[in-house]
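Look at the whole chain before turning to single residues.

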Amino acid sequence: MRISELLKSTPELLRSSVLSALVVVAIFGAVDQAMAFDDKVFDDKTGVKPQSSPWAVFQFGFSAYKSGHKEQAAEAYKYAAENGQIGATWKLARMYAEGDGVARDDYEAFKFFSEIVDQDVEPGSPEESYVSDALVALGDYLRTGIPGSPVTENEVAAQEYYMRAAANYRNPNAQFEMGQMFLKGEGGVKASVKQAGRWFQLAAEKGHAGAQATLGHLLFQSGKIVRGLAMMTAALERASPADQPWIRGMQEEAFAAAGEADRRTAISLADDILTKGNNTDQ
């Protein structure tokens with residue numbers, strides 16, 4: 001069952017979006033402005049000019065990436081990364097992880113993400129988002145291993161990276177993964193529905209659809225039929241295309257098991273959750 005109304009932005013999400021926009025402007029500036037000093041830092045034949053400012057090269061890399069010149073962007077990012085620009089290191093890691101402008105190489109991405117988390121970045125720093133994301137990426141790699149590389153499956157190490165991102169940087173993706181580990185008793189932690197619910201709750205409050213759906217499923221199973229079904233239904237509306245299939249399967253199974261009166265009440269409550277914010281109280 002789907003909801004007809006789309007999610008309206010909550011004040012928290014709006015503030016987050018505005019802050020993100022300001023950070024992008026502050027870091028990168030306008031693309032046209034960055035392109036104005038292309039000839040000062042980059043030569044089409046020889047690449048990055050010697051003694052170029054790492055910050056200026058980082059800006060050039062961003063503008064080159066946005067305009068589709070990803071090979072130039074990768075070269076610029078490598079220079080900036082080698083000279084201390086953590087944002088450039090993160091961009092390179094993402095490019096290799098996704099095969100975006102370079103041949104996909106998960107081990108190369110793993111090494112770049114490792115360089116980021118090894119740096120001394122305090123929570124609250126402007127660069128904390130890079131570290132937070134890198135910790136989750138490393139956790140993902142260690143959870144499964146990287147075939148053909150020295151990185152082997154290590155759930156305990158993965159859990160440690162997730163925990164750092166979840167506890168120190170309040171990363172919702174990491175909080176969701178910690179919830180999954182406590183739910184299944186993975187990564188060296190003892191299975192605990194209570195602890196799992198705590199982590200899912202934290203991630204759901206930040207708008208993580210997967211966490212909201214899983215928390216709703218736990219509530220449904222515990223006898224809180226209406227609230228659990230409502231949360232799964234709202235989560236399905238918010239979910240990314242990648243997450244929609246498994247959330248839909250979970251929601252439809254619960255919807256089929258619920259009574260007609262509970263279904264109607266849950267649909268109304270899901271509408272309230274979508275329009276009034278992340279109401280995930282257990």
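The protein chain has 15 helices and two strands; helices (H or I, at least four residues) and strands (E, at least two) are DSSP runs, numbered from the N terminus. This is a predicted model, in which local features need pLDDT of at least 70, side-chain atom pairs count only at pLDDT 80 or more, and totals for chains, interfaces and linings use all residues. Residues are numbered from 1 along each chain as its sequence is written, and side-chain values use heavy atoms, with hydrogens and water left out.

The confidence of the predictor in each residue is given by pLDDT, from 0 to 100. The protein chain averages 87, and 83% of the residues score at least 70. Over residues 1–37, however, pLDDT stays under 50. Where pLDDT is low, the predicted coordinates should not be read in detail.

Of the 282 residues in the protein chain, 47% are buried. Buried means under 20% relative accessible area, exposed means over 50%, and partly exposed lies in between (1.4 Å probe, protein chains only). A contact means heavy atoms within 4.5 Å. Among contacts between residues at least 6 apart in sequence, 54% join residues at least 24 apart.

Helix α6 covers residues 86–98. From its first C-alpha to its last, this helix of 13 residues reaches 18 Å, close to the 18 Å expected at 1.5 Å a residue; the expected span is 1.5 Å times one less than the number of residues. How many residues of α6 are buried? Ten of the 13 are, and the helix is mostly covered. Among the buried ones are Ile86, Leu92, Met95 and Tyr96. The buried residues of α6 pack against α4 (54–66), α5 (70–82), α7 (106–117) and α8 (128–144). Just after α6, Gly99 takes a positive phi of about 65°.

Glu98 forms one with Arg94, the closest N and O atoms being 3.7 Å apart. Both residues lie in α6, four residues apart, about one turn of the helix. Arg94, at 21% relative accessibility, counts as partly exposed. Arg94, Glu98 and Asp133 are linked in a network of salt bridges.

Which residue forms a salt bridge with Arg143, the closest N and O atoms being 2.3 Å apart? The partner is Glu177. This pair links distant parts of the chain, with Arg143 in helix α8 and Glu177 in helix α10, 34 residues apart. Arg143 counts as buried because its relative accessibility is 15%, and Glu177 is buried because its relative accessible area is 17%. The side chains of Glu186 and Arg143 also meet in a salt bridge (3.0 Å, N to O). Glu186 lies in the loop between α10 and α11 (193–205) and Arg143 in helix α8, so the pair ties together parts that are 43 residues apart in sequence.

Two loop residues remain. Asn154 lies in the loop between α8 and α9 and is partly exposed, with a relative accessible area of 34%. Arg170 lies in the loop between α9 (155–168) and α10 (172–184). Its phi is near 55°, a positive value in a residue other than glycine. Most residues other than glycine have a negative phi. Arg170 is partly exposed, with a relative accessible area of 48%.

How values were computed: A salt bridge is a side-chain nitrogen of Lys or Arg within 4 Å of a carboxyl oxygen of Asp or Glu.
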